[in-house]
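Subject: Handover of a structure for your review

Dear colleague,

Please find below the structure that I am handing over to you. A summary of the findings follows it.

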Amino acid sequence: MSIRLRGTPASPGVSIGPAFLLNFEEIRVQKRTLRTASEVESELERFAGAIEKTRGELEQISDQLSDVIEGKQLIEVHILLLSDPFIISEVRKQIKDDLVCAEYAVSKVLFDVLERFNAIEDPYLRSRSVDVRDVGRRVIANLLGTEKQALSNLKNPVILVSEDLDPSQTAGLTSKQLLGIVTDLGGSTSHTAILARSMGIPAVVALKNVAENAVPGQVVIIDGIHGEVILDPDADELQYYSELKKRYNTAEAEIALNADSPAVTADGKAVELSANIEFSQEADQVGRFGGHGIGLFRTEFIRLLAPEAEEEEKMHFRAYRHVLQTLNPDPVIIRTLDLGGDKFLDSIPTVEKNPFLGWRGIRICLDRPEKFISQLRALLRAARFGNARIMLPMITGYDQIVQVRDMLDNIAADLDREGIPRGDIPPLGIMIETPAAVLGIDLLLPHSAFVSIGSNDLTQYTLAVDRGSPYVSNLFDSFHPAVIRQINIVVTKCREAGKWVGICGQMASDPLAIPLLLGYGVNELSVPMTLIPDVKEMISVISMNDAESLAEKALVLKSSEEIRRSVLDYVESKYPEIILDEIRRDENYRGS
Ligand code: PEP
Ligand code: MG
């Protein structure tokens, strides 16, 4: 029977494919029921054979470890576990009584044993569950006749299933290898979601228990539009979603045909529509999707694709030069390192209880300037290859901007002294991501060449809702009146001061948010590259008059439901059929 799960839609589209369970791949297997006595007999034999084969492998390893006493002892323990009478008799019992295949019986017994280990109070004994797991994996691998498949070495594309993802696990993967991503944790603005959108593959996050329920190789359907996942779908479900996938892809292809046309509203107002990118190679595609420059280059991911030994400054320089040269003369907003929160490198401790409220973004850069200086040096050196702008994340006070400006001046002087060519110091802008920055914007603007609203963090910090937590994801809502009003404040103040203002959080590509943002008067929308054609299409059906009155009305509405409803009523007849259809159909859709 199929299992349907609901989570948070994180990247649109529909995918159908085999599950690849990260971290669990080897010990969860598909159930196969035995029908005849001879099948039972042959499964018992297969089990005995796998135990022997595993013992042989372990003995061979033990021989190779003759000088490493500790390692040898560990392997001896594993060999002993292989002959544990309880485990052996339990597996045989399952095969005989429950009529299940050997690998399923082993995985089931393994899970039971691991559960008992987890209940043990003694921490040392409890930690020994890894040995049981290791031995079990080996036996199952021998039964299945497969080696553990590495994610980086996939032969056929898969749907990645995991509790959560570390950026390093997915960096370098392409949409040819991954059909989609589903995770237990994360929110629509967590790094997993951001990566999926940048790859243009569907993703659903915050599913809470998908990793526990999925089985390697089993067919999975991802509906990234509504946030649904179906494990082991039946024939009707497969047919319905194959059609939805076709319909969605056809509509997307039609929209993409207009990639070359500029982003203009129905009444002729041009809108700057640019791309958010995470990897420098993405710059090559921005033109194809019809983007005007880069509104947000998240530089945290650069290290993940570079060889370990690559020198910091060189690595950044190469990435920036490539992006700037590729897009010249269009503007490229390079955001300085925003590590911490849900993006960690080994060099940043992860011990904080509330990392989003802790050592993050500009705070780390100013406290530990070595990496930051390398980044700024690379930026100044690369600036001569195109139209660069620098943007600082997580700004809460003007002194932070002043410090960076001083650093830039000093670095420019250093480079000149060293005779290293550089460009002019690029315009220095800031992200507005905290209520502190909104309420203190008059203090920040004199020091900022431009601003861009980071609605993901602004929502998180305004509503006190962790953007990566599945438990409060229903409260993460950028249409909350408190967020909407702050966006209005920021845009109004920027316009009064004659400063350019963009928005680069996820909200900028939300079909219902676009009329509001245009209505408040943002200069630019910066969206995941793969969504540019959709957003352009939406812009083209909105008139500025309508957008302005919707935006004004939203400032007096009482809840996010009322705000969404008021925009939905307006766009209902205007947006491309497929997208509106899907918004409407979503039972979870707030306010419908
Ligand atoms: C944001 O906070 O809205 C933003 C664009 O930055 P990030 O998602 O990288 O935190
Ligand atoms: Mg942010």
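In this predicted model, the magnesium ion (ligand 2) is coordinated at 2.0 Å by E433, through OE, and by D457, through OD. E433 belongs to the loop between β13 (428-432) and α17 (435-439), whereas D457 is part of helix α19 (residues 455-463), so the pair ties together parts that are 24 residues apart in sequence. Both E433 and D457 are buried.

Several polar atoms of the protein lie beside oxygen atoms of ligand 1, and the following may be checked in the viewer:

- R298: an N or O atom of the side chain is 2.7 Å from an oxygen atom of ligand 1.
- R335: a polar atom of the side chain is 3.0 Å from an oxygen atom of ligand 1.
- S455: here a backbone N or O atom is involved, at 3.1 Å from an oxygen atom of ligand 1.

Taken alone, ligand 1 exposes 290 Å², and the protein buries 100% of that area.

A cis peptide bond is found between N328 and P329, with omega at about 10°. P329 is located in the loop that runs between α13 (312-327) and β11 (331-335).

Which value does phi take in L99? It is near 55°, which is positive although L99 is a residue other than glycine. L99 sits in the loop between α3 (85-98) and α4 (102-119). With a relative accessibility of 32%, L99 counts as partly exposed.

A206 likewise has a positive phi, near 55°, and is a residue other than glycine. Its place is the loop between β6 (203-205) and α9 (210-213). Is A206 buried or exposed? Its relative accessibility is 6%, and A206 therefore counts as buried, the limit for that class being under 20%.

Yours sincerely

Note on methods
Residues numbered from 1 in each chain as written. Chains lettered and ligands numbered in written order. Predicted model: local features only at pLDDT ≥ 70, side-chain atom pairs only at ≥ 80, totals over all residues. Heavy atoms only, no water. Donors = N, O, S within 2.8 Å, 3.2 Å for Na, K, Ca; no water. Helix = DSSP H or I, 4+ residues; strand = E, 2+ residues; numbered from the N terminus. Buried < 20%, exposed > 50% of the residue type's maximum accessible area, 1.4 Å probe, protein only. Polar contact = N/O pair within 3.5 Å; in protein donor to acceptor, adjacent residues only side chain to side chain. Areas by Shrake-Rupley, 256 points an atom, 1.4 Å probe, with all protein chains shown as cover.
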